[in-house]
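Open the structure in your viewer and keep the sequence panel beside it. The tour goes from one selection to the next and says what is found at each stop.

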Amino acid sequence: MTYGGHGCSICILNVGGTKYAFSKEVIKDFPLSRVSRLHKCASEKEVLEVCDDYDRERNEFFFDRHSEAFCFIMLYVKYGKLRFVPQMCELSFYNEMIYWGLESSHLEFCCQRRLDDRMSDSYIHFSEEEDKLDEEMRGENLGTRVVTEREDSKWLERMRRTFDEPTSSVAAQILASVSVIFVIVSMVMLCASTLPDWKTAENNSVVVEHRYNPDSLEHPSGIIEAVCISWFTAECIVRFIVSRDKCEFVKRPLNIIDLLAITPYYISISMTMLTGENSQLQRAGVTLRVLRMMRIFWVIKLARHFLGLQTLGLTLRRCYREMVMLLLFICVPMAIFSALAQLLEHGLDLESPNEDFASIPAACWWVIISMTTVGYGDMYPITVPGRVLGGLCVVSGIVLLALPITFIYHSFVQCYHELKFRSARCTRSLSAEFLN
(Lines give C-alpha, C1' and ligand atoms only; values in the text may rest on other atoms or scores of the structure.)
Protein backbone atom coordinates (compact mmCIF):
# COMPACT_ATOMS: atom_id res chain seq x y z
CA MET A 1 0.00 0.00 0.00
CA THR A 2 1.63 3.25 -1.16
CA TYR A 3 -1.07 5.87 -0.77
CA GLY A 4 0.06 7.07 2.67
CA GLY A 5 1.94 10.37 2.68
CA HIS A 6 5.45 10.36 4.21
CA GLY A 7 4.82 7.21 6.20
CA CYS A 8 1.87 8.76 7.99
CA SER A 9 -0.14 6.15 9.88
CA ILE A 10 -3.26 8.34 10.24
CA CYS A 11 -5.82 8.66 7.46
CA ILE A 12 -8.25 11.57 7.37
CA LEU A 13 -11.64 11.20 5.70
CA ASN A 14 -13.18 14.53 4.70
CA VAL A 15 -16.87 13.92 3.95
CA GLY A 16 -18.70 17.09 2.96
CA GLY A 17 -16.41 19.23 5.13
CA THR A 18 -16.58 16.97 8.20
CA LYS A 19 -13.29 15.24 9.03
CA TYR A 20 -12.76 11.79 10.56
CA ALA A 21 -9.33 10.43 11.56
CA PHE A 22 -8.57 6.69 11.48
CA SER A 23 -5.47 4.58 11.67
CA LYS A 24 -4.46 2.44 8.70
CA GLU A 25 -5.25 -0.72 10.64
CA VAL A 26 -8.81 0.50 11.20
CA ILE A 27 -9.17 1.43 7.52
CA LYS A 28 -8.11 -2.08 6.50
CA ASP A 29 -11.03 -3.75 8.30
CA PHE A 30 -13.51 -0.88 8.07
CA PRO A 31 -17.18 -2.05 7.76
CA LEU A 32 -17.83 0.32 4.83
CA SER A 33 -16.52 -1.27 1.64
CA ARG A 34 -15.66 2.03 -0.07
CA VAL A 35 -13.47 3.09 2.86
CA SER A 36 -11.80 -0.31 3.20
CA ARG A 37 -10.92 -0.22 -0.52
CA LEU A 38 -8.50 2.62 0.22
CA HIS A 39 -6.19 0.15 1.95
CA LYS A 40 -5.80 -1.84 -1.28
CA CYS A 41 -4.97 1.16 -3.47
CA ALA A 42 -1.38 1.00 -4.79
CA SER A 43 -1.29 4.34 -6.61
CA GLU A 44 -2.84 7.76 -6.49
CA LYS A 45 -4.83 6.94 -9.62
CA GLU A 46 -6.51 4.04 -7.84
CA VAL A 47 -7.19 6.28 -4.85
CA LEU A 48 -8.99 8.83 -7.05
CA GLU A 49 -11.21 6.05 -8.36
CA VAL A 50 -12.48 5.57 -4.80
CA CYS A 51 -12.68 9.17 -3.56
CA ASP A 52 -13.18 12.57 -5.20
CA ASP A 53 -9.82 14.11 -4.25
CA TYR A 54 -6.67 13.27 -2.29
CA ASP A 55 -4.06 15.36 -0.42
CA ARG A 56 -0.89 13.29 -0.23
CA GLU A 57 0.85 15.67 2.17
CA ARG A 58 -1.80 15.39 4.85
CA ASN A 59 -2.98 11.92 3.79
CA GLU A 60 -6.52 13.32 3.51
CA PHE A 61 -9.24 11.77 1.36
CA PHE A 62 -12.06 14.00 0.14
CA PHE A 63 -15.58 12.68 -0.47
CA ASP A 64 -18.17 15.06 -1.92
CA ARG A 65 -21.09 13.42 -0.16
CA HIS A 66 -23.82 14.31 2.34
CA SER A 67 -22.05 14.87 5.68
CA GLU A 68 -25.11 14.34 7.91
CA ALA A 69 -25.97 11.08 6.16
CA PHE A 70 -22.41 9.84 6.69
CA CYS A 71 -22.69 10.81 10.36
CA PHE A 72 -25.70 8.48 10.72
CA ILE A 73 -23.81 5.78 8.84
CA MET A 74 -20.92 6.17 11.28
CA LEU A 75 -23.38 5.70 14.14
CA TYR A 76 -24.30 2.39 12.49
CA VAL A 77 -20.60 1.45 12.36
CA LYS A 78 -20.28 2.25 16.05
CA TYR A 79 -23.59 0.97 17.49
CA GLY A 80 -24.91 -1.39 14.81
CA LYS A 81 -28.23 0.41 14.19
CA LEU A 82 -28.96 2.32 10.99
CA ARG A 83 -31.91 4.67 10.65
CA PHE A 84 -32.93 7.41 8.25
CA VAL A 85 -31.80 10.99 8.70
CA PRO A 86 -34.76 13.15 9.83
CA GLN A 87 -36.09 15.52 7.16
CA MET A 88 -34.10 13.73 4.45
CA CYS A 89 -35.61 11.87 1.51
CA GLU A 90 -35.45 8.09 1.97
CA LEU A 91 -34.22 7.57 -1.58
CA SER A 92 -31.43 10.13 -1.15
CA PHE A 93 -30.25 8.42 2.02
CA TYR A 94 -30.45 5.05 0.27
CA ASN A 95 -28.18 6.42 -2.47
CA GLU A 96 -25.68 7.41 0.21
CA MET A 97 -25.88 3.91 1.66
CA ILE A 98 -25.17 2.33 -1.72
CA TYR A 99 -22.23 4.69 -2.27
CA TRP A 100 -20.59 3.62 1.00
CA GLY A 101 -21.29 -0.08 0.40
CA LEU A 102 -24.40 -0.70 2.51
CA GLU A 103 -27.66 -2.38 1.53
CA SER A 104 -31.28 -1.93 2.54
CA SER A 105 -31.00 -5.00 4.79
CA HIS A 106 -28.72 -3.00 7.10
CA LEU A 107 -31.60 -0.64 7.94
CA GLU A 108 -33.84 -1.13 10.92
CA PHE A 109 -37.11 -2.88 10.12
CA CYS A 110 -39.25 0.25 10.36
CA CYS A 111 -36.93 2.12 7.99
CA GLN A 112 -36.82 -0.85 5.61
CA ARG A 113 -40.58 -0.69 5.28
CA ARG A 114 -40.52 3.06 4.65
CA LEU A 115 -37.92 2.52 1.93
CA ASP A 116 -39.91 -0.30 0.31
CA ASP A 117 -43.06 1.82 0.18
CA ARG A 118 -41.20 4.80 -1.25
CA MET A 119 -39.40 2.73 -3.88
CA SER A 120 -42.58 0.93 -4.96
CA ASP A 121 -44.26 4.30 -5.40
CA SER A 122 -41.36 5.92 -7.29
CA TYR A 123 -39.95 3.03 -9.33
CA ILE A 124 -42.05 3.61 -12.45
CA HIS A 125 -41.53 7.37 -12.35
CA PHE A 126 -37.75 7.10 -12.02
CA SER A 127 -37.54 4.42 -14.69
CA GLU A 128 -39.42 6.63 -17.14
CA GLU A 129 -37.21 9.60 -16.36
CA GLU A 130 -34.05 7.53 -16.80
CA ASP A 131 -35.30 6.17 -20.12
CA LYS A 132 -36.03 9.68 -21.28
CA LEU A 133 -32.56 10.89 -20.27
CA ASP A 134 -30.91 7.93 -22.00
CA GLU A 135 -32.79 8.69 -25.18
CA GLU A 136 -31.68 12.32 -25.03
CA MET A 137 -28.04 11.36 -24.41
CA ARG A 138 -28.07 8.96 -27.32
CA GLY A 139 -29.68 11.62 -29.47
CA GLU A 140 -26.84 14.07 -28.78
CA ASN A 141 -24.27 11.62 -30.13
CA LEU A 142 -25.94 10.53 -33.35
CA GLY A 143 -26.30 13.78 -35.35
CA THR A 144 -29.09 15.22 -37.42
CA ARG A 145 -30.85 11.94 -38.12
CA VAL A 146 -31.23 11.15 -34.46
CA VAL A 147 -32.41 14.72 -33.75
CA THR A 148 -35.34 14.08 -36.09
CA GLU A 149 -36.04 10.76 -34.38
CA ARG A 150 -35.90 12.48 -31.03
CA GLU A 151 -38.48 15.02 -32.18
CA ASP A 152 -40.70 12.10 -33.20
CA SER A 153 -40.19 10.47 -29.81
CA LYS A 154 -41.13 13.73 -28.09
CA TRP A 155 -44.34 13.79 -30.13
CA LEU A 156 -45.07 10.19 -29.08
CA GLU A 157 -44.25 11.08 -25.48
CA ARG A 158 -46.67 13.99 -25.64
CA MET A 159 -49.35 11.69 -27.04
CA ARG A 160 -48.66 9.09 -24.37
CA ARG A 161 -48.97 11.65 -21.57
CA THR A 162 -52.18 12.99 -23.09
CA PHE A 163 -53.84 9.56 -22.96
CA ASP A 164 -52.26 8.18 -19.76
CA GLU A 165 -51.99 11.28 -17.51
CA PRO A 166 -55.24 13.27 -17.36
CA THR A 167 -53.61 16.21 -15.51
CA SER A 168 -50.62 16.58 -17.84
CA SER A 169 -52.22 19.14 -20.22
CA VAL A 170 -55.45 20.85 -21.20
CA ALA A 171 -55.95 18.39 -24.06
CA ALA A 172 -55.48 15.48 -21.63
CA GLN A 173 -58.16 16.89 -19.34
CA ILE A 174 -60.60 17.31 -22.22
CA LEU A 175 -59.90 13.76 -23.40
CA ALA A 176 -60.34 12.44 -19.87
CA SER A 177 -63.65 14.29 -19.49
CA VAL A 178 -64.96 12.80 -22.73
CA SER A 179 -63.85 9.32 -21.61
CA VAL A 180 -65.62 9.75 -18.26
CA ILE A 181 -68.83 10.80 -20.05
CA PHE A 182 -68.69 7.68 -22.23
CA VAL A 183 -68.13 5.49 -19.16
CA ILE A 184 -71.11 7.03 -17.36
CA VAL A 185 -73.37 6.72 -20.42
CA SER A 186 -72.30 3.11 -20.89
CA MET A 187 -72.99 2.26 -17.24
CA VAL A 188 -76.40 3.92 -17.36
CA MET A 189 -77.33 2.00 -20.51
CA LEU A 190 -76.10 -1.28 -19.01
CA CYS A 191 -78.16 -0.79 -15.85
CA ALA A 192 -81.26 0.45 -17.70
CA SER A 193 -81.22 -2.49 -20.12
CA THR A 194 -81.94 -4.85 -17.21
CA LEU A 195 -85.21 -3.08 -16.30
CA PRO A 196 -88.36 -4.95 -17.43
CA ASP A 197 -90.05 -1.70 -18.50
CA TRP A 198 -87.03 -0.81 -20.62
CA LYS A 199 -87.15 -4.16 -22.43
CA THR A 200 -90.89 -3.77 -23.07
CA ALA A 201 -90.42 -0.27 -24.48
CA GLU A 202 -87.59 -1.43 -26.73
CA ASN A 203 -89.61 -4.37 -28.05
CA ASN A 204 -92.63 -2.14 -28.70
CA SER A 205 -90.58 0.49 -30.53
CA VAL A 206 -88.93 -2.01 -32.88
CA VAL A 207 -90.93 -4.78 -34.54
CA VAL A 208 -88.86 -7.92 -34.17
CA GLU A 209 -89.71 -11.58 -34.31
CA HIS A 210 -86.66 -12.93 -32.56
CA ARG A 211 -85.70 -12.84 -28.91
CA TYR A 212 -84.77 -9.47 -27.37
CA ASN A 213 -81.06 -8.72 -27.76
CA PRO A 214 -79.83 -5.42 -26.28
CA ASP A 215 -76.65 -5.65 -28.37
CA SER A 216 -78.58 -5.43 -31.60
CA LEU A 217 -77.98 -2.28 -33.63
CA GLU A 218 -81.70 -2.18 -34.40
CA HIS A 219 -82.31 -0.86 -30.88
CA PRO A 220 -81.37 2.71 -29.85
CA SER A 221 -79.60 1.31 -26.78
CA GLY A 222 -77.53 -0.95 -29.01
CA ILE A 223 -76.46 2.02 -31.14
CA ILE A 224 -75.43 4.05 -28.09
CA GLU A 225 -73.50 1.10 -26.70
CA ALA A 226 -71.75 0.54 -30.03
CA VAL A 227 -70.62 4.17 -30.04
CA CYS A 228 -69.24 3.83 -26.50
CA ILE A 229 -67.43 0.61 -27.37
CA SER A 230 -65.96 2.25 -30.47
CA TRP A 231 -64.58 5.07 -28.34
CA PHE A 232 -63.07 2.69 -25.78
CA THR A 233 -61.56 0.54 -28.53
CA ALA A 234 -60.02 3.51 -30.34
CA GLU A 235 -58.64 4.87 -27.06
CA CYS A 236 -57.09 1.52 -26.17
CA ILE A 237 -55.52 1.09 -29.62
CA VAL A 238 -53.99 4.59 -29.60
CA ARG A 239 -52.57 4.09 -26.10
CA PHE A 240 -51.08 0.79 -27.23
CA ILE A 241 -49.48 2.38 -30.31
CA VAL A 242 -47.86 5.29 -28.42
CA SER A 243 -46.69 3.18 -25.47
CA ARG A 244 -42.95 2.69 -25.00
CA ASP A 245 -42.97 -1.00 -24.11
CA LYS A 246 -45.79 -3.00 -25.68
CA CYS A 247 -45.25 -6.00 -23.36
CA GLU A 248 -45.32 -3.77 -20.29
CA PHE A 249 -48.49 -2.11 -21.60
CA VAL A 250 -50.28 -5.47 -21.82
CA LYS A 251 -49.21 -6.41 -18.26
CA ARG A 252 -50.57 -3.28 -16.56
CA PRO A 253 -53.70 -3.96 -14.47
CA LEU A 254 -55.78 -1.07 -15.84
CA ASN A 255 -55.03 -2.11 -19.41
CA ILE A 256 -56.06 -5.69 -18.63
CA ILE A 257 -59.32 -4.34 -17.20
CA ASP A 258 -59.86 -2.33 -20.39
CA LEU A 259 -59.39 -5.49 -22.42
CA LEU A 260 -61.81 -7.44 -20.20
CA ALA A 261 -64.39 -4.68 -20.59
CA ILE A 262 -64.13 -4.39 -24.38
CA THR A 263 -63.70 -8.01 -25.46
CA PRO A 264 -67.09 -9.36 -24.25
CA TYR A 265 -68.97 -6.96 -26.54
CA TYR A 266 -67.23 -8.27 -29.66
CA ILE A 267 -67.59 -11.87 -28.47
CA SER A 268 -71.33 -11.43 -27.87
CA ILE A 269 -71.79 -9.77 -31.26
CA SER A 270 -69.88 -12.61 -32.94
CA MET A 271 -71.92 -15.27 -31.13
CA THR A 272 -75.16 -13.54 -32.12
CA MET A 273 -74.09 -13.41 -35.77
CA LEU A 274 -73.07 -17.08 -35.73
CA THR A 275 -76.16 -18.43 -33.95
CA GLY A 276 -78.67 -16.16 -35.69
CA GLU A 277 -82.30 -16.81 -34.69
CA ASN A 278 -82.20 -20.60 -34.39
CA SER A 279 -82.31 -22.69 -31.25
CA GLN A 280 -78.60 -22.32 -30.62
CA LEU A 281 -79.27 -18.75 -29.46
CA GLN A 282 -81.26 -20.12 -26.54
CA ARG A 283 -78.28 -22.22 -25.44
CA ALA A 284 -75.94 -19.27 -25.91
CA GLY A 285 -78.21 -16.91 -23.96
CA VAL A 286 -76.56 -17.58 -20.60
CA THR A 287 -73.11 -17.02 -22.06
CA LEU A 288 -74.21 -13.76 -23.67
CA ARG A 289 -75.65 -12.47 -20.40
CA VAL A 290 -72.45 -13.33 -18.52
CA LEU A 291 -70.34 -11.57 -21.15
CA ARG A 292 -72.62 -8.57 -21.05
CA MET A 293 -72.32 -8.23 -17.28
CA MET A 294 -68.53 -8.30 -17.59
CA ARG A 295 -68.78 -4.81 -19.05
CA ILE A 296 -69.28 -3.58 -15.50
CA PHE A 297 -65.45 -3.43 -15.46
CA TRP A 298 -65.81 -0.15 -17.36
CA VAL A 299 -66.45 1.58 -14.06
CA ILE A 300 -62.87 0.76 -13.00
CA LYS A 301 -61.68 2.90 -15.92
CA LEU A 302 -62.63 5.87 -13.74
CA ALA A 303 -59.50 5.12 -11.66
CA ARG A 304 -57.48 6.88 -14.38
CA HIS A 305 -59.31 10.13 -13.70
CA PHE A 306 -60.24 10.20 -10.00
CA LEU A 307 -57.82 10.55 -7.11
CA GLY A 308 -59.99 8.56 -4.70
CA LEU A 309 -59.93 5.36 -6.77
CA GLN A 310 -56.18 5.75 -7.36
CA THR A 311 -55.69 6.09 -3.60
CA LEU A 312 -57.72 2.95 -3.00
CA GLY A 313 -55.69 0.95 -5.53
CA LEU A 314 -52.35 2.18 -4.18
CA THR A 315 -53.44 1.42 -0.61
CA LEU A 316 -54.45 -2.13 -1.49
CA ARG A 317 -51.12 -2.67 -3.26
CA ARG A 318 -49.10 -1.42 -0.31
CA CYS A 319 -51.21 -3.13 2.35
CA TYR A 320 -51.38 -6.62 0.90
CA ARG A 321 -49.68 -7.98 4.04
CA GLU A 322 -52.33 -6.35 6.23
CA MET A 323 -55.08 -7.66 3.93
CA VAL A 324 -53.71 -11.19 4.27
CA MET A 325 -53.56 -10.66 8.03
CA LEU A 326 -57.19 -9.50 8.02
CA LEU A 327 -58.23 -12.58 6.03
CA LEU A 328 -56.33 -14.78 8.49
CA PHE A 329 -58.01 -13.09 11.44
CA ILE A 330 -61.37 -13.99 9.88
CA CYS A 331 -60.63 -17.54 8.76
CA VAL A 332 -59.11 -18.86 12.00
CA PRO A 333 -61.97 -17.76 14.33
CA MET A 334 -64.48 -18.80 11.67
CA ALA A 335 -63.15 -22.36 11.74
CA ILE A 336 -63.22 -22.47 15.53
CA PHE A 337 -66.62 -20.84 16.13
CA SER A 338 -68.35 -22.70 13.30
CA ALA A 339 -67.24 -26.07 14.68
CA LEU A 340 -68.36 -25.15 18.20
CA ALA A 341 -71.66 -23.71 16.97
CA GLN A 342 -72.46 -26.86 14.99
CA LEU A 343 -71.66 -28.97 18.04
CA LEU A 344 -73.71 -26.92 20.52
CA GLU A 345 -76.73 -26.30 18.29
CA HIS A 346 -76.98 -29.59 16.39
CA GLY A 347 -74.50 -32.20 17.58
CA LEU A 348 -75.41 -32.33 21.30
CA ASP A 349 -79.17 -31.83 21.06
CA LEU A 350 -80.36 -35.08 19.46
CA GLU A 351 -84.07 -34.59 20.24
CA SER A 352 -84.65 -31.14 18.71
CA PRO A 353 -81.48 -30.08 16.86
CA ASN A 354 -81.24 -26.68 15.19
CA GLU A 355 -81.32 -27.56 11.49
CA ASP A 356 -79.79 -24.21 10.53
CA PHE A 357 -76.53 -25.49 12.03
CA ALA A 358 -76.70 -28.95 10.49
CA SER A 359 -73.13 -28.69 9.12
CA ILE A 360 -69.97 -26.72 9.74
CA PRO A 361 -70.12 -24.94 6.33
CA ALA A 362 -73.63 -23.76 7.19
CA ALA A 363 -72.39 -22.52 10.56
CA CYS A 364 -69.55 -20.65 8.80
CA TRP A 365 -72.13 -18.32 7.23
CA TRP A 366 -73.52 -17.51 10.68
CA VAL A 367 -70.00 -16.84 12.02
CA ILE A 368 -69.19 -14.45 9.15
CA ILE A 369 -72.32 -12.33 9.56
CA SER A 370 -71.84 -12.33 13.35
CA MET A 371 -68.14 -11.35 13.34
CA THR A 372 -68.85 -8.52 10.92
CA THR A 373 -71.86 -7.47 13.09
CA VAL A 374 -74.21 -7.66 10.09
CA GLY A 375 -76.68 -10.14 11.57
CA TYR A 376 -79.26 -10.86 8.85
CA GLY A 377 -81.35 -12.90 11.27
CA ASP A 378 -81.84 -15.76 8.82
CA MET A 379 -80.19 -18.15 11.30
CA TYR A 380 -79.40 -17.82 14.99
CA PRO A 381 -78.60 -20.05 17.98
CA ILE A 382 -81.49 -21.14 20.21
CA THR A 383 -79.63 -22.88 23.05
CA VAL A 384 -78.07 -21.00 25.96
CA PRO A 385 -74.50 -22.22 25.22
CA GLY A 386 -75.00 -21.32 21.58
CA ARG A 387 -76.06 -17.78 22.49
CA VAL A 388 -73.07 -17.37 24.78
CA LEU A 389 -70.87 -18.53 21.92
CA GLY A 390 -72.62 -16.01 19.62
CA GLY A 391 -71.78 -13.18 22.01
CA LEU A 392 -68.15 -14.22 22.12
CA CYS A 393 -68.14 -14.44 18.32
CA VAL A 394 -69.45 -10.88 17.94
CA VAL A 395 -67.02 -9.38 20.48
CA SER A 396 -64.02 -11.22 19.04
CA GLY A 397 -65.00 -10.09 15.55
CA ILE A 398 -65.03 -6.43 16.61
CA VAL A 399 -61.62 -6.73 18.24
CA LEU A 400 -59.88 -8.85 15.60
CA LEU A 401 -61.12 -6.84 12.63
CA ALA A 402 -60.14 -3.55 14.24
CA LEU A 403 -56.48 -4.50 14.68
CA PRO A 404 -55.27 -4.48 11.02
CA ILE A 405 -57.75 -1.76 10.02
CA THR A 406 -55.57 0.81 11.82
CA PHE A 407 -52.55 0.04 9.63
CA ILE A 408 -54.67 0.14 6.47
CA TYR A 409 -56.16 3.48 7.51
CA HIS A 410 -52.75 5.12 8.06
CA SER A 411 -51.51 3.76 4.76
CA PHE A 412 -54.62 5.15 3.03
CA VAL A 413 -54.00 8.61 4.48
CA GLN A 414 -50.36 8.51 3.41
CA CYS A 415 -51.23 7.40 -0.13
CA TYR A 416 -53.88 10.08 -0.39
CA HIS A 417 -51.47 12.86 0.59
CA GLU A 418 -48.79 11.57 -1.80
CA LEU A 419 -51.18 11.40 -4.76
CA LYS A 420 -52.71 14.75 -3.83
CA PHE A 421 -49.26 16.37 -3.77
CA ARG A 422 -48.41 14.84 -7.14
CA SER A 423 -51.73 16.00 -8.58
CA ALA A 424 -51.17 19.54 -7.25
CA ARG A 425 -47.72 19.62 -8.85
CA CYS A 426 -49.19 18.56 -12.21
CA THR A 427 -51.94 21.18 -11.82
CA ARG A 428 -49.35 23.94 -11.34
CA SER A 429 -47.58 22.93 -14.54
CA LEU A 430 -50.97 22.71 -16.27
CA SER A 431 -51.81 26.27 -15.18
CA ALA A 432 -48.53 27.52 -16.56
CA GLU A 433 -49.22 25.78 -19.86
CA PHE A 434 -52.70 27.30 -20.03
CA LEU A 435 -51.38 30.81 -19.38
CA ASN A 436 -48.71 30.43 -22.02
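Run over the whole structure, which is a predicted model, the search finds one cavity of 30 Å³ or more. The space in this largest cavity comes to about 50 Å³.

To display the cavity, select its lining: Thr-162, Phe-163, Pro-166, Ala-172, Leu-175, Ala-176, Ser-179, Glu-235 and His-305. Sorted by class, the lining consists of five nonpolar, three polar and one charged residues. Which helices each supply at least two residues of this lining? They are α7, residues 143-164, and α8, residues 170-192. Colour α8 separately, as α8 gives the most to the lining, with four residues.

Stay on helix α8 and select Ser-186, which is part of this helix. Ser-186 has a relative accessible area of 3% and is therefore buried, the cut-off being under 20%. Now show what surrounds the residue. Leaving aside residues up to four places away in sequence, Ser-186 touches Cys-228, Phe-232 and Trp-298.

Zoom out for the whole chain. The protein has 17 helices and four strands. Of its 436 residues, 36% count as buried. Among contacts in the protein with a separation of 6 or more, 60% are made by residues 24 or more positions apart.

Next, select a pair of helices, α14 (residues 307-318) and α15 (residues 320-347). Their axes lie 5 Å apart, and the helices pack at an angle of about 75°. Are α14 and α15 roughly parallel or roughly perpendicular to each other? An angle from 65 to 115 degrees counts as roughly perpendicular, so that is the description for α14 and α15.

Show the side chains where the two helices meet. On the α14 side are Leu-316, Arg-317 and Arg-318; on the α15 side are Tyr-320, Glu-322 and Met-323. By class, this contact has three nonpolar, no polar and three charged residues.

Move on to the loop between β3 (53-55) and β4 (60-63), and select Asn-59 there. The backbone is the thing to look at: phi of Asn-59 is near 55°, a positive value in a residue other than glycine. Is Asn-59 buried or exposed? Its relative accessibility is 0%, so Asn-59 counts as buried.

The last stop is the loop between α16 (360-371) and α17 (384-435), where Thr-373 is found. Thr-373 is not a glycine, yet its phi is positive, at about 55°.

In the loop between α16 and α17, also select Thr-383. Thr-383 counts as buried because its relative accessibility is 16%, and the limit for that class is under 20%. Which residues does Thr-383 touch, not counting residues up to four places away in sequence? The contacts are with Leu-344 and Glu-345. Draw a line between the C-alpha atoms of Thr-383 and Leu-344: they are 7.6 Å apart in space, while the two residues are 39 residues apart in sequence.

Note on methods
Residues are numbered from 1 along each chain as its sequence is written. This is a predicted model: local features need pLDDT of at least 70, side-chain atom pairs count only at pLDDT 80 or more; totals for chains, interfaces and linings use all residues. Side-chain values use heavy atoms; hydrogens and water are left out. Axes are lines fitted to C-alpha atoms, for helices over the stretch in contact, and angles run from 0 to 180 degrees between N-to-C directions. Angles under 35 degrees count as roughly parallel, over 145 as roughly antiparallel, 65 to 115 as roughly perpendicular and the rest as oblique. Contact means heavy atoms within 4.5 Å. Ala, Val, Leu, Ile, Met, Phe, Trp, Tyr, Cys and Pro count as nonpolar, Asp, Glu, Lys and Arg as charged, and the others, Gly among them, as polar. On a 1 Å grid over the protein atoms alone, a cavity is a set of points where a 1.4 Å probe fits but cannot get out, and a pocket is an open set with protein on both sides within 12 Å along at least five of seven lines; lining residues have an atom within 4 Å of a point. Grid points are joined across faces, edges and corners, and a volume is the space filled by probe spheres set on the points. Buried means under 20% relative accessible area, exposed over 50%, partly exposed in between (1.4 Å probe, protein chains only).
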